[in-house]
Amino acid sequence: MKMMTYLTASVCAAAVGSMAGQAQADDLTLCWAAWDPANALVELSKDFEAQSGHTMNFEFVPWPNFADRMLNELNSGGKLCDLLIGDSQWIGGGAENGHYVKLNEFFDANGISMDDFAPATVYAYSTWPKGEPNYYALPAMGDANGWFYRKDWFAREDIQAAFKEAHGRDLAEPKTQKELLEIAQFFQGREIDGNTVYGAAIFTERGSEGITMGVTGALYPWGFKYENTPGSYDMEGAVNSPEAVEALEFYKEFYETATPPGYTNSYMGESLDAFKSGQVAMAMNWFAFFPGLYADPNTGGDKIDFFVNPGQNIEGSTLGGQGISVVSYSDHKDAALEYIKWFAQPDVQQKWWELGGYSCHNAVLNDPGFADSAPFAGDFLEAMGNVQDFWQEPAYAELLLAMQKRMHDYVVADQGTAKEALDMLIEDWTEVFEDEGKI
């Protein structure tokens, strides 16, 4: 899951060449969000155009509007998108409502095996019901919520000495959530090079999914579960467990004591801005942005480094990323399936990684040189080994809106207690599942 406001709304690329035996060249439209990886996909797709003779068009929608725009398109049976890189949470609705083409027979006929992709990405991006061998997408863009920090600030002798005096240990990448907060609080209000800086940029946005994606970065390491028994919708004692209450209280303390002032409605763009402008020592955001961050001329390069979301009781990271699906309403499904077959090839997946996308293919991820191929590659592998995702139910939008409200009301608006917020969330979710006939 994720959202942002940069980049253009639509990009088109020209077709060149043709594939031997191609009966007809089609114009295909691929729909996704407007962000850095989408630009990389435009570049990658030029190879497909050259080989197939099809023309690729791209509809890229800014993240805050992406879900509404695309879900409305699907629910209306619209023909805008032949291919859709949709959020992981949409897979249930895409399958049950008939929006996505089931791909099993196509995979079998073309030698595409889901065993060739990282298990966590197949489970999250492709399957419905969860974990069943029913595939409605090919894993396309692996992602998780991680962290980056001012390596140059951490390395300064004066800051190192001050931190060691305060905490009795060396200032280094945090190994636990509590160490993460200690470091953020240490930097909060500190003067560096004549400027007042703050601890960290975290997610607090209410309108789409931001605060949920941020809060779960704490909930998962504390051991949060959506259900006591998977598939049973028995949420009492799981969603509001003592560990979940402690994690939510932790996130509120983080917000109140270690973030920039006025940081009440922040998500991806605000996190990037706070870091690039030198306001914060650390920031959370999606691995998808890490190539661009490392390349930034002002705060990238030797000034930045990266770490996986720290554990607490367990290791846990919030899953992002998406699969690529063929839209069932497309008039060009055969050509769209050609794109899926092309994209699944290991050499294409390797180039996808090199251009700035995050491949989910084992041939790329398990290559001995992968972990050293980028400063964040090893952290990405670690994160994808312990990811957890939000509900992927067809009613996920209602489930998400409820969590957005309850988390923002407690963390930012300072209403009630953590236990009350989680109790009310169970009530909200129970009502949704009752309406769905699930309980």
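**View A. Aspartate 170 and lysine 164 meet through their side chains in a salt bridge, 3.2 Å from N to O.** A salt bridge here is a side-chain nitrogen of Lys or Arg within 4 Å of a carboxyl oxygen of Asp or Glu. Aspartate 170 is partly exposed at 47% relative accessibility, and lysine 164 is partly exposed too, at 44%. (Buried means under 20% relative accessible area, exposed over 50%, and partly exposed in between, with a 1.4 Å probe and protein chains only.) This is a predicted model, in which local features need pLDDT of at least 70 and side-chain atom pairs count only at pLDDT 80 or more, while totals for chains, interfaces and linings use all residues. Residues are numbered from 1 along each chain as its sequence is written, and side-chain values use heavy atoms, with hydrogens and water left out.

**View B. A salt bridge joins the side chains of glutamate 246 and lysine 178, at 3.8 Å from N to O.** This pair links distant parts of the chain, 68 residues apart: glutamate 246 lies in helix H10 (residues 242–257) and lysine 178 in helix H8 (residues 177–187). Helices are DSSP runs (H or I, at least four residues), numbered from the N terminus. Glutamate 246 has a relative accessible area of 36% and is partly exposed; lysine 178, at 43%, is partly exposed as well.

**View C. Here arginine 150 and aspartate 152 form a salt bridge of 2.8 Å, N to O, between their side chains.** Arginine 150 is buried, at 7% relative accessibility, whereas aspartate 152 is partly exposed, at 23%.

**View D. Arg156, Asp158 and Asp193 come together in a network of salt bridges.** Across the structure, there are 17 salt bridges to explore.

Methods. Helix = DSSP H or I, 4+ residues; strand = E, 2+ residues; numbered from the N terminus.
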